[in-house]
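Dear colleague,

I am pleased to hand over the structure shown below.

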Amino acid sequence: MRYSQAFIPTLKEVPKDAVDASHVLLLRGGFIRMIGSGIYEMLPLGQRVLGRVKSIIRDEMNGAGAQEVLMPAILPASYFQETGRWDLYGDVLLRLKDRKGGDYHLGPTHEEIVTDMVRHQVKSYRQLPLNLYQIQMKYRDEPRPRAGLMRCREFLMKDAYSFDVSEEKAFESYATMRQAYHRIFRRLGLDYRVVQADSGQIGGKTSAEFQILAQSGEDRIVACTACEYAANVEVAETKLDTTVADFSATPAPELVKTPKTKTIEQVAGFFEKDGVGPDRILKSLVFLAPKKPEGKAATVEPAEAPASDFTLVVVRGDHDVNEILVARALGVDEVHLASEADVKRVLGVGPGFVGPVEPKSAVRVLVDHAAAAVSDGVCGANQWDHHLAHVAYGRDFQGEVGHLRLVGEGDACPSCGGKLAAYRGIEGGHIFVLGTHYSAKMSATFLDEHGESKPFVMGCYGIGVTRLMASAIEQHHDADGIRWPMSIAPFQAVVLPLGKDDDVLTEATRVYEALKAAGIDALLDDRDERPGVKFKDADLIGIPLRVTIGARGLKEGQAELKLRAEKDAKNVPLAEVVDAVVATVHAQLGALGGPA
């Protein structure tokens, strides 16, 4: 491709709301263009990167025995209604009606559709195992689209679905996909961790995320420094201290007036003279968990919810509540932090002064293990501007004890007892064993070897394709622009002729044509621009390898060869530059585990 003929609309300025590196650089580099909140056009450079990402994914999925299909994006409501997700998805589902008034939606995921496909076409165990995948646009009405391609309303996704005769065979399919994902992420040049995860609205009981490590990531993960344990903090565990508070030497509770001390920091400051830190403060948070019929979204408005729908959760002041664990403890899909108005209505006092000792309403009380071990704590007194000192679980208040907090840096690994380290991550892929979650609801069955009807045992495997494009930039960029891994760069090399000497352009064109003939995807910057502009644009769009030819080098028979990710350039004889580029490209592709 000649730069003079390419559509690469680079920008100097970007919208003020573009703050993440990938969002800024994709806009500035002319890869994408926003046309609405969370909706982007993919420009030629973006399409080139996506094409390479999709090629790697297809290569590994096909190699793992999966077969590609393409399912519709516009889906009748009846399939989601069959499994209950028409209600469960809520406002995230983009719904529409056809001219006859029929209900439809744009597909956020395709479990029901692929299950319907298989239940009509697969009748015997002899047709199994089966793994079908697609690379398809998905649609979700995100309440807060952010960070460009990281969280948008329309995005490209690879979703695969396995069908097996038994749970044992389903786990074999899961293991095969897990290894395929390892190969995909390595070939993409991404630094990642595989972590235990929550299945969420997809369903199922076993899942893992492929988390791309990046400080800008919205997910928090922990990983052991001594073993292979790693998990999203939503489901992470720690080696629990099941010690029960020894309050034998603890004084009786004391009511203390504490004006304007609502936060943990304010309470710790007030009691600092008594040696009380956040680890001795019992933080009490009120959650709403309305009861709902099976398969239906909660319909009770918070203002109407009875006290029995509220739960008081007690954790140490230096810990945070894990809402997923609270929901599991209560046997519901999700919980929400109660509003200040709800807390006042139910407990007669505002947040900051709520406590577990004799609350004014008979709310359910859950206590985290670490909070239960505090033998001399401070908590809200259920009175305005008052706290209770010298409080202990088992003497002054009761509740159901369990693991309810978010695990963090320095906690003990549940597997080996080693220390956990905290990271930020971007979810690039998610794999699930679904079991019969969908097949049973949709009567998707096959005949086994004994002629008995059995539901398919399913697995689900997703990769956010457009998100991977942005994630690669979050890991690979500097102050000058993007540093694409060789495997997914829009071009593998750029040839820069400097100056207005016709002989320089002629030689640069010769090198460019020779690179193309050798199978290298190269860009020739033949624009009539100053050298500084060419260098800046090459760095901005992130081409991994740069070949520079100037008048002086031409006279000396030399070209300058520079890797985008390295500081220094080197001179190479013009007669050898094509071979040097080919060798470098193949070496980098080979190092990523792809074909050299």
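This is a predicted model: local features need pLDDT of at least 70, side-chain atom pairs count only at pLDDT 80 or more; totals for chains, interfaces and linings use all residues.

Cysteines

A disulfide is a covalent bond between the sulfur atoms of two cysteines. The cut-off applied here is 2.5 Å between the two sulfur atoms, and by this rule the count of disulfides comes to zero. C413 likewise takes part in no disulfide, the nearest cysteine sulfur being that of C227, 3.7 Å away. With regard to accessibility, C413 is buried, with a relative accessible area of 0%, whereas C416 is partly exposed, with a relative accessible area of 41%.

Aromatic residues

The search of the whole structure for aromatic pairs returned 13 of them. One is formed by F270 and F271: their ring centres are 5.2 Å apart and their planes stand at 65°, so the pair is edge-to-face. The cut-off for that term is an angle over 60 degrees. F270 is partly exposed, its relative accessible area being 28%, while F271 is buried, with a value of 3%. Elsewhere, one aromatic cluster is made up of Y181, F185, Y192 and F210.

Helix packing

Two packed helices are described by the angle between their axes and the distance between the axes. Helix α2, residues 44-63, packs with helix α11, residues 465-475, at an angle of about 110°, and their axes are 10 Å apart. This angle makes α2 roughly perpendicular to α11. The crossing in which α2 passes α11 is right-handed.

Helix α12, residues 502-517, and helix α15, residues 577-591, have axes that come within 10 Å and cross at roughly 40°. That angle makes α12 oblique to α15. Here too the crossing is described as right-handed, with α12 passing α15.

With kind regards

Notes
Residues are numbered from 1 along each chain as its sequence is written. Side-chain values use heavy atoms; hydrogens and water are left out. Rings of Phe, Tyr and Trp (its six-membered ring) pair if their centres lie within 6.5 Å; planes under 30 degrees apart count as stacked, over 60 as edge-to-face and the rest as tilted. Buried means under 20% relative accessible area, exposed over 50%, partly exposed in between (1.4 Å probe, protein chains only). Axes are lines fitted to C-alpha atoms, for helices over the stretch in contact, and angles run from 0 to 180 degrees between N-to-C directions. Helices (H or I, at least four residues) and strands (E, at least two) are DSSP runs, numbered from the N terminus. Angles under 35 degrees count as roughly parallel, over 145 as roughly antiparallel, 65 to 115 as roughly perpendicular and the rest as oblique. A crossing is left-handed if the near helix is turned anticlockwise from the far one by less than a right angle, and right-handed if clockwise.
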